[in-house]
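Please look through the sequence and the three-dimensional model shown here before reading on. The paragraphs below lead you through it step by step.

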Amino acid sequence: MNATVIEGHGLKRYYQRGSEVVRALDGVDIEIRAGEIVSVLGPSGCGKTTLINVLSCLDKPTAGALMVGGKSVAGLSEEELVEVRRGVLGFVFQQFSLLPTLTVRENVELPLLFLGLRPDRAWTDEILASVGLTDRATHLPRELSGGQMQRVAIARALISSPRVLVADEPTGNLDKSTGESIIALFKRLASETGVAILLTTHNTVFAAETDHIITLQDGRIVSDIRPSDPQRRHQPSQTI
Ligand SMILES: Nc1ncnc2c1ncn2[C@@H]1O[C@H](COP(=O)(O)OP(=O)(O)OP(=O)(O)O)[C@@H](O)[C@H]1O
Ligand SMILES: [Mg+2]
């Protein structure tokens, strides 16, 4: 069995909205292993974005225990959380967030420049090849299709060799066949590099292609399965 890269127990995230408490996450137990593609499914407002933001240390849980890259993140300062994110996680942003005046190569290398690191040309070439963008390296974002822009965003997330790639609805803005090609790319990346991929989607067809399918409802896990796992795991949410 592959190593666990993210593990959460009893995760809760409550928001105060006026006099009302919104239980966006309400007691979630979750394990993400190296090299697996995890899709988080469920109706709008069920807590998908909240869950991946908590798991990727962009948001702090109201309660619960969380281990990221083998380390407990409870009580870490914002600076320490930045270090954990940098060391373990790569983010693919929904709107791609590409800088329009930079080429594909420069956009992909941008996170390294922010860290004051010198990009290694051969490594960038390798990443660009892995997402099928070698022939687009000198193009500007406006010269790309939506699927190509999404692949630039994925390449940029991969440049720092994360253990987990996090993507909130990576196929949400793409047509069916482009979405399928992104899922195929994720599968190849996960099997070739061992990176885990944590994504949210509304598309049950895409989710069915992934290794680990988690369905949320009202902030709780109502189904947690690894379809190819002989001991198919079904984990109803805890009742409190
Ligand atoms: N900052 C916030 N303050 C108050 N409530 C919030 C906040 N962020 C999210 N929520 C609420 O938490 C719940 C879960 O929201 P979340 O964004 O995680 O849902 P989602 O499953 O990602 O939905 P979608 O499929 O529409 O993206 C919703 O009821 C939402 O209104
Ligand atoms: Mg969402």
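What follows is a walk from the whole chain to its sheets, and then to the ligand.

This is a predicted model, in which local features need pLDDT of at least 70 and side-chain atom pairs count only at pLDDT 80 or more, while totals for chains, interfaces and linings use all residues. Residues are numbered from 1 along each chain as its sequence is written, chains are lettered from A and ligands numbered from 1 in the order in which they are written, and side-chain values use heavy atoms, with hydrogens and water left out.

The secondary structure of the protein chain comes to seven helices and 10 strands, where helices (H or I, at least four residues) and strands (E, at least two) are DSSP runs numbered from the N terminus. Along its principal axes the C-alpha trace spans about 55 × 40 × 40 Å. The radius of gyration of the protein chain is 18 Å, which agrees with the value near 18 Å that a compact globule of 240 residues would have; this radius is taken over C-alpha atoms, and the globule rule is 2.2 Å times the number of residues to the power 0.38. Buried residues make up 48% of the 240 residues, and here buried means under 20% relative accessible area, exposed over 50%, and partly exposed in between, with a 1.4 Å probe and protein chains only.

One part of the fold is an open sheet of four strands in the order β2-β1-β4-β5, with antiparallel pairing; two strands pair if DSSP finds at least two bridges between them. The strands β2 and β5 (71-72) stand at the edges with a single partner strand each, so one side of each is left without a neighbour in the sheet. Between β1 and β2, which run antiparallel, there are 11 bridges, and Arg13 stands opposite Leu25 in β2.

Elsewhere the strands pair in the parallel sense. Strand β6 (residues 89-92) and strand β7 (residues 164-168) are joined in this way over four bridges, in which Gly90 has Leu165 as its bridge partner in β7 and Phe91 stands opposite Val166. On its other pairing, β7 runs parallel to β8 and is joined to β8 by five bridges, with Asp168 opposite Thr200 in β8.

How are the faces of these strands covered? In β6, Leu89 and Phe91 on one side and Gly90 and Val92 on the other are all buried. In β7, five of its five residues are buried: Val164, Val166 and Asp168 point one way, and Leu165 and Ala167 point the other way. Leu165 itself has a relative accessible area of 0%, and therefore counts as buried. Although Leu165 and Ser39 are 126 residues apart in sequence, they are 12 Å apart in space, C-alpha to C-alpha.

The side chain of Thr201 reaches the backbone nitrogen of Asn203 at 2.8 Å.

Which residues come nearest to ligand 1? Of the 14 residues around ligand 1, they are Ser44, Gly45, Lys48, Thr49 and Thr50, where a residue is near a molecule if one of its heavy atoms lies within 4 Å of it. A polar side-chain atom of Lys48 lies 2.7 Å from an oxygen atom of ligand 1, a polar side-chain atom of Arg17 lies 3.2 Å from an oxygen atom of the ligand, and a backbone N or O atom of Cys46 also lies 3.2 Å from an oxygen atom of ligand 1. Taken alone, ligand 1 exposes 640 Å², and the protein buries 66% of that, with accessible areas coming from the Shrake-Rupley method and a 1.4 Å probe. The elements that give two or more residues to the shell are β1 (4-17), β2 (20-33) and α1 (48-55), and the largest share, three residues, comes from α1.

Note on methods: A polar contact is a pair of N or O atoms within 3.5 Å; within protein, one must be able to donate a hydrogen and the other to accept it, and residues adjacent in sequence count only if both atoms are side-chain atoms.
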